[in-house]
There are 2 protein chains.
Amino acid sequence: MPDALPAHLADRLARRESNYLLFGLTPPRHSVTAEEAQGIADVTLERLAGLDLDGLLIYDIVDESERTDASRPFPYLPTLDPAEYLAHHLGAWDKSVIVYRCVGKYTQPQLETWLHDQDPQRVSTVFVGAASREMPVETTLAQAQALRSRSRPAVLLGGVAIPERHAAGAEEHVRLLAKVDRGCSFFITQVVYDAQAARNLVSDYYYACRDRGLEPAPVIFTLSVCGSLKTLEFLRWLGVDVPRWMENALRHSDDTLEASSAHCLATAKDLAEFCRSLEMPFGFSVESVSIRRAEIEAAVVLAGRLRAEVL
Amino acid sequence: MPDALPAHLADRLARRESNYLLFGLTPPRHSVTAEEAQGIADVTLERLAGLDLDGLLIYDIVDESERTDASRPFPYLPTLDPAEYLAHHLGAWDKSVIVYRCVGKYTQPQLETWLHDQDPQRVSTVFVGAASREMPVETTLAQAQALRSRSRPAVLLGGVAIPERHAAGAEEHVRLLAKVDRGCSFFITQVVYDAQAARNLVSDYYYACRDRGLEPAPVIFTLSVCGSLKTLEFLRWLGVDVPRWMENALRHSDDTLEASSAHCLATAKDLAEFCRSLEMPFGFSVESVSIRRAEIEAAVVLAGRLRAEVL
């Protein structure tokens, strides 16, 4: 048995192990050339090389303007398909990857082909449903989940968890249980700025599992630095509950990146301590919702500190 | 100059110093004999003797059943007047005291006489208004504040701060500014179980002061252990926002006192760090909303840990 080799992310998630560190990437804009996309991929992997990551997350971006009437702080620009970006530009990445799929964009045959083409040891996926009921879709979330269970269960499936939705209706943990029934083996949260809401969700989910004799699936908390009020507005537009004191600190700080990184680290310590006290498997994913270089670099520094100080 | 003597609490609060540790007491029931009241006072002072307290808080309890339609988890039992309890039974306490006054219970001449009888070096006061508009009052909060400013400003006045009210309307910091205008030199919060709401209030208050060129008044956070679900229900009835995860932990814990004490300590560390980062003066007051011996003893232990680990 080659037990010197570390287990793959998918195996560890399936075994409900804990302490993951992921880094979330948004693919380059659709308008870039193949060379430019490769250049971006190369620079990104170079930036991440020093981090002891368990894997990458690659987001699938759709125009969510139908979700809300509020105007979008950053313009929506179509990005490369995450599966294409992985296949064509991230070949040099030899660790695990979790590829997001906004399933409404794809037909069922397209999704099925993609699932079959993946190496389940290396690639897992997170299916995301439509942002609003009004959005026309090729495939619903339920259809995509059923398709995977039926035709390609070897590819590990994750689901999205939204603490803010739990704060509003206190039913998000019931959604998580239902997602596990439909094949999900792990969860990735929306960006967390309010540790309390995340604690409430994890706590309700944990005890609901216990009442049912289930082992809870790992929850990976997404953290994002915030380097400007514009980024903060964008986080709010995405539905993230940024606390008032955090907004005040950012408005009055000379260095909002430093203030928000410190907050992310404190949030991570808080959530790690909480999950450990419950023996609830968890991890963190760091992303930058902005493409500003300073914010991306701060996200890399944050990931390094999470590994060194929290995980 | 006798600078070896520590400054009195009132002087320190007036100078907007920081790092207070207070202990909150509810006077014995009205039905006890004078001897029983003295016995309770003696036991209490004995329990508190080992703590390095800056002062006592003595609450003034009124029947608040008109404030809410929910039934009260513990029955309302009239208690001794806090001023009487101090005058007749706490003579052995040689440090500072902050006496609550539910001003609606007293006529203006009664309040005025009491204020004049106090030694401002030893006794400060917190005026509390009626819990509901429907409650008939002898003196309104505004009348009591004006009376003190006019006839006995030497007795330091504090006000109540309610983070939950801030969470609902985000205007509590404006109330604090108005209370300072009407003579308040410090604030004492309702029991804090949600550090986020307290941070939001302090942050908004701090920056509002800064915008107006004012030095913020000290805010003293009240912490209370919670040894049973009944106590938790009572905290909720009082309007305290106890987070879901805390409720779950208490429901599933063999030792809710230990779980809630750990939470109080974590909350205190969080708030202390936050206030220090702003250079905002702060302190803590520990109370037990229950009269169960185990809860009172846990409150004493918590106060000791606050002094040793946080203040």
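Mentor: Happy to! Let us begin with the residues themselves: from α8(A) come Gln196(A), Arg199(A), Asn200(A), Ser203(A), Asp204(A), Tyr207(A) and Arg210(A), and they meet Arg244(B), Trp245(B), Asn248(B), Ala249(B) and His252(B) of α10(B). Keep in mind that this is a predicted model.

Now for the geometry. Two packed helices are described by the angle between their axes and the distance between the axes. The crossing of α8(A) past α10(B) is left-handed.

Besides taking part in the contact with α10(B), Gln196(A) is the residue of chain A that comes closest to the rotation axis, with its C-alpha at 3.8 Å. And what is that axis? Chain A is superposed on chain B by a rotation of 180° with 0.0 Å of shift along the axis, at an RMSD of 0.0 Å. That is the relation of a two-fold axis. Both copies use the same surface, as 95% of the contact residues of chain A recur in chain B.

For contrast, here is a helix pair inside one chain. In chain A, α11 (residues 256–278) packs against α12 (residues 293–309) at an angle of about 30°, with 10 Å between the axes. The angle therefore makes α11(A) roughly parallel to α12(A). The crossing of α11(A) past α12(A) is right-handed. Among the residues making this contact are Leu257(A), Cys264(A) and Leu265(A) on α11(A), and Ala298(A), Leu302(A) and Leu306(A) on α12(A).

Finally, the interior. In soluble globular proteins, nonpolar side chains tend to be buried together. The largest nonpolar core has 166 residues, and Phe23(A) and Phe23(B) have the most contacts inside it. Beyond its neighbours within four places in sequence, Phe23(B) touches residues including Leu48(B), Leu51(B), Val286(B) and Ala303(B).

Another residue to look at is Leu13(B), in helix α1 (residues 9–14) of chain B. Leu13(B) counts as buried because its relative accessibility is 0%. Leaving aside neighbours within four places in sequence, its contacts include Tyr20(B), Ile98(B), Phe186(B) and Ile220(B). Leu13(B) and Val219(B) are 206 residues apart along the chain, while their C-alpha atoms are separated by 9.6 Å.

Conventions. Residues numbered from 1 in each chain as written. Chains lettered and ligands numbered in written order. Predicted model: local features only at pLDDT ≥ 70, side-chain atom pairs only at ≥ 80, totals over all residues. Heavy atoms only, no water. Least-squares fit on C-alpha atoms with pLDDT ≥ 70 in both. Contact = heavy atoms within 4.5 Å. Core = buried A, V, L, I, M, F, W, Y, C linked by side-chain atoms within 4.5 Å. Buried < 20%, exposed > 50% of the residue type's maximum accessible area, 1.4 Å probe, protein only. Axes fitted to C-alpha atoms, helices over the stretch in contact; angles between N-to-C directions. Helix = DSSP H or I, 4+ residues; strand = E, 2+ residues; numbered from the N terminus. Parallel < 35°, antiparallel > 145°, perpendicular 65-115°, else oblique. Left-handed = near helix turned anticlockwise from the far one by under 90°.
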